[in-house]
Amino acid sequence: MEEKTFKYVILGGGVSAGYAAREFSKQGVKPGELAVISKEAVAPYERPALSKAYLFPESPARLPGFHTCVGSGGERLLPDWYKEKGIELILSTEIVKVDLSGKTLVSGTGETFKFQILIIATGSTVVRLSDFGVKGADAKNIFYLREIDDADKLNDAIKAKKNGKAVIVGGGYIGLELGAALRINNLDVTMVYPEPWCMPRLFTSGIAAFYEGYYANKGVNIIKGTVASGFTSDSNGEVKEVHLKDGRVLEADIVVVGVGGRPLTSLFKGQVEEEKGGIKTDTFFKTSVPDVYAVGDVATFPLKLYNELRRVEHVDHARKSAEQAVKAIKASEEGKTVEVYDYLPYFYSRSFDLSWQFYGDNVGETVLFGDNNPTSPKPKFGTYWIKDGKVIGAFLEAGTPEENQAIAKVAKLQPPVESLDQLAKEGLSFASKI
């Protein structure tokens, strides 16, 4: 097989890859120097669209509409853009073997790629129920959502099982967003998760109570405190029932599973230092191996604000870490340095008519403010997290762009707070006056 050599290789074709390619272009990469290798068949795109507008029954999002970098208001990089810039886009190519010290990648079909500098942007994969040996988890119409192929298959099933019954396994990001998307498509939706409330890694019980109430009012049935323990299928091998650990049995035409992800690092095991489930990097996303960088979901990096190493699975960090790594690569070639990566954790979601944003860290005591009644015509509420007398995290549902900027500022500046009661009374105005 032929061998191709590039100065720079981005391994992975998700959000980070698109933003890294754009930054290389800004930094003046020469034609033929850069390659993006992706196992997907399409150019990098904004992955969050898959659980949101891609599944809308009316005027859904479709490629080429959401290629990177439109998600952050940037230009849309179509396949032709890569051609024009002389960036080689190597699609439908899965790398199965990596030799970091030998600077070599080998694909499933035996092609060899050599690099001088590598950016690992492999992202995450979904955790599957079959990983836990759940019976019948390989039945047809049990879906996971990670790539555009997954979304297409789910879309086909939504159309084929019109007005049917859907069961969502998991109460996190994917569970909540897809629960809403399937309900909008007029399916009868039941969500099942083991925790006492939805999104427990971020939400307090007070925040969660609003969303659970809102979803219930939209006709979503929620079952908490149990898990899917098995599935039965019909003679065509299509799922027809979900068996719960508590003995209940749910009818299902479609099952969507969202029980978490894990970073794709197995290709690099034993070759690079790891920490907290990811590849350990410095503030420039350099790994322990010279000329090898890691960005996005796979990177465990120094989070300056909290003075600790963290791994962050979110599109905002995928974009920003990719840009930081490329800036650092180009700066080091010119004998310059770039500023340290000073990241403020940021998460957001949209479902039904709702839209929330969160900034900072969700530890310490909490204060709930505003109207979190799910039956209100226009609910609007938020939460502050307070630790050591300072506000370190802030959440807001239905904020305006200015209000969202205000809570971001609070999380970044960590203002002191005298009384929690006073903070609850002030609510959003506390953030707005910072």
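Leaving aside neighbours within four places in sequence, Glu397 is in contact (heavy atoms within 4.5 Å) with Phe210, Tyr211, Leu354, Ser355, Trp356, Lys380 and Phe381. Before I continue, please note that this is a predicted model, in which local features need pLDDT of at least 70, side-chain atom pairs count only at pLDDT 80 or more, and totals for chains, interfaces and linings use all residues. Residues are numbered from 1 along each chain as its sequence is written, and side-chain values use heavy atoms, with hydrogens and water left out.

Glu397 belongs to strand 26, residues 390-397; strands (E, at least two residues) and helices (H or I, at least four) are DSSP runs numbered from the N terminus. Glu397 is buried but has no salt bridge, and the nearest side chain of opposite charge, that of Lys380, is 9.4 Å away. Buried here means under 20% relative accessible area, with a 1.4 Å probe and protein chains only. A salt bridge requires a side-chain nitrogen of Lys or Arg within 4 Å of a carboxyl oxygen of Asp or Glu; for charge, Lys and Arg count as positive and Asp and Glu as negative, while His and the chain ends are not counted.

With which side chain does Glu397 make a polar contact through its own side chain? The partner is Tyr211, at 2.5 Å. Such a contact is a pair of N or O atoms within 3.5 Å; within protein, one must be able to donate a hydrogen and the other to accept it, and residues adjacent in sequence count only if both atoms are side-chain atoms.

I turn now to the aromatic rings. The whole structure contains 28 aromatic pairs. Phe203 and Tyr211 form a stacked pair, because their ring centres are 5.2 Å apart and their planes lie at 25 degrees. Rings of Phe, Tyr and Trp (its six-membered ring) pair if their centres lie within 6.5 Å, and planes under 30 degrees apart count as stacked, over 60 as edge-to-face and the rest as tilted. Phe203 is buried at 2% relative accessibility, and Tyr211 is buried at 3%. Both belong to one aromatic cluster, whose members include Phe210, Trp356 and Phe381.

Finally, the backbone. Most residues other than glycine have a negative phi, and most peptide bonds are trans. Met199, however, has a positive phi near 45 degrees; this residue lies in the loop between strand 10 (188-193) and helix 5 (205-217). The peptide bond from Leu63 to Pro64 is cis, with omega near 10 degrees.

Terms used: Buried < 20%, exposed > 50% of the residue type's maximum accessible area, 1.4 Å probe, protein only.
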